[in-house]
Amino acid sequence: MPLKGIRIAVLGGDARQVIVARELHNQGALVKTFGLFLGKSSPIKQCEDLESLLRGVQALILPMPGMNENGEVYTSFGRKPIKVTKEALDSAGKGLVIYVGVAKPILFDLARGINARIVELAEIDELAILNSIPTAEGALQIAFEKTPFTVHGSAVFVLGFGRTGMTMARVVNALGAKTTVVARKEAQLARAFEMGFTTVHLVDILNSIGRAKIIFNTIPAPVITEGILEKISTDCLIVDLASAPGGTDFKAAKKLGIEAVLAPGLPGKVAPRTAGFMVTKVVSRLLREEMTKL
Ligand code: NAP
């Protein structure tokens, strides 16, 4: 029971958060939830309002996307988004730690108001690497469904060679794609070369992108511009994995008749159970470290 006695609130989200709540409970934590459905027979306390959820807790776990600009947390269990207020947060225990994928400025403001600490999970390499597995599977699923040809034998370009790009390139290559990696750092290109991929520096992309039949973009910057799109063949599919608004000029793509799909949140969509276990693994470790400090 590594988390014995630690008081945790799990607020909103989707099936991933259900796994997180259950697993933390299994590890001995005193878990309460709000905005989730765990089933009537669950031993976990399912609260009816935010104040009861937050009263006396040491840790609050928000869904990976956190809250919107209005301070609302989404829930995929048929409820309206849940507005998080400073008053409700005030009822949490002293030294509250808030775990979230990405924190918006409003969450930082709320946390500052009650002296809470925020841990952004998306920043943690371990979770980003683990998340790249369902992300690559989800991206492939989109490519399978949207192309009339196989990935095998096709020229596939992966833009960016960080945690997601590396997994994406490895996965498509394993399927027999002719894989090209595009990046701006020589070290990343050297690693991609070592792994057996064709490499193109981002500044030279115009000269080679015309070969692409599928492009997976992981660069969170406007890299697939109108100028680049003009070089891309109209039967090429773009799956943009970068966080919103993505790296593609979607308007220009539409105008040019190129199919481009922004595909956010794939781990939660294609493998919520696995993604939930991955979040739990990391959060559980962080909570144990927190307990050791105390
Ligand atoms: P990462 O490890 O930081 O990799 C990002 C890659 O993009 C690196 O190669 C980086 O190169 C490059 N890059 C960043 N900014 C650039 C710029 N302005 N110009 C050129 N290259 C640039 O990030 P990651 O974990 O792979 O995540 C990549 C994106 O995917 C993020 O937006 C993340 O939120 C998103 N994501 C989406 C999903 C989904 O379900 N769709 C799942 C996971 C992650 P440098 O090292 O040179 O900066």
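Is R117 buried, partly exposed or exposed? R117 is partly exposed, because its relative accessible area is 37%. Here buried means under 20% relative accessible area, exposed means over 50%, and partly exposed lies in between (1.4 Å probe, protein chains only). The model is predicted: local features need pLDDT of at least 70, side-chain atom pairs count only at pLDDT 80 or more, and totals for chains, interfaces and linings use all residues. Residues are numbered from 1 along each chain as its sequence is written, and side-chain values use heavy atoms, with hydrogens and water left out.

Start with the salt bridges. The structure holds 12 of them. Each is a side-chain nitrogen of Lys or Arg within 4 Å of a carboxyl oxygen of Asp or Glu. R117 pairs with E290, and their closest N and O atoms are 2.5 Å apart. This pair links distant parts of the chain: E290 sits in helix α12 (residues 272-293) and R117 in strand β8 (residues 117-120), 173 residues apart. Helices (H or I, at least four residues) and strands (E, at least two) are DSSP runs, numbered from the N terminus. E290 is buried, with a relative accessible area of 17%.

Next comes D125, which forms a salt bridge with R163; the closest N and O atoms are 2.9 Å apart. D125 lies in helix α5 (residues 125-146) and R163 in helix α6, so the pair ties together parts that are 38 residues apart in sequence. D125 is partly exposed at 45% relative accessible area. R163 is partly exposed at 35%.

Helix α6 (residues 163-174) also holds T167. T167 counts as buried, at 17% relative accessibility. Its side chain joins that of S132 in a polar contact of 2.7 Å. A polar contact is a pair of N or O atoms within 3.5 Å; within protein, one must be able to donate a hydrogen and the other to accept it, and residues adjacent in sequence count only if both atoms are side-chain atoms.

Now take E226 and K255. Their salt bridge has its closest N and O atoms 2.7 Å apart. E226 is in helix α9 (residues 226-229) and K255 in helix α10 (residues 250-256), 29 residues apart, so the pair links distant parts of the chain. E226 is partly exposed, with a relative accessible area of 27%. K255 is exposed, at 62%.

Salt bridges also form a network, which links E126, K281, R285 and E289.
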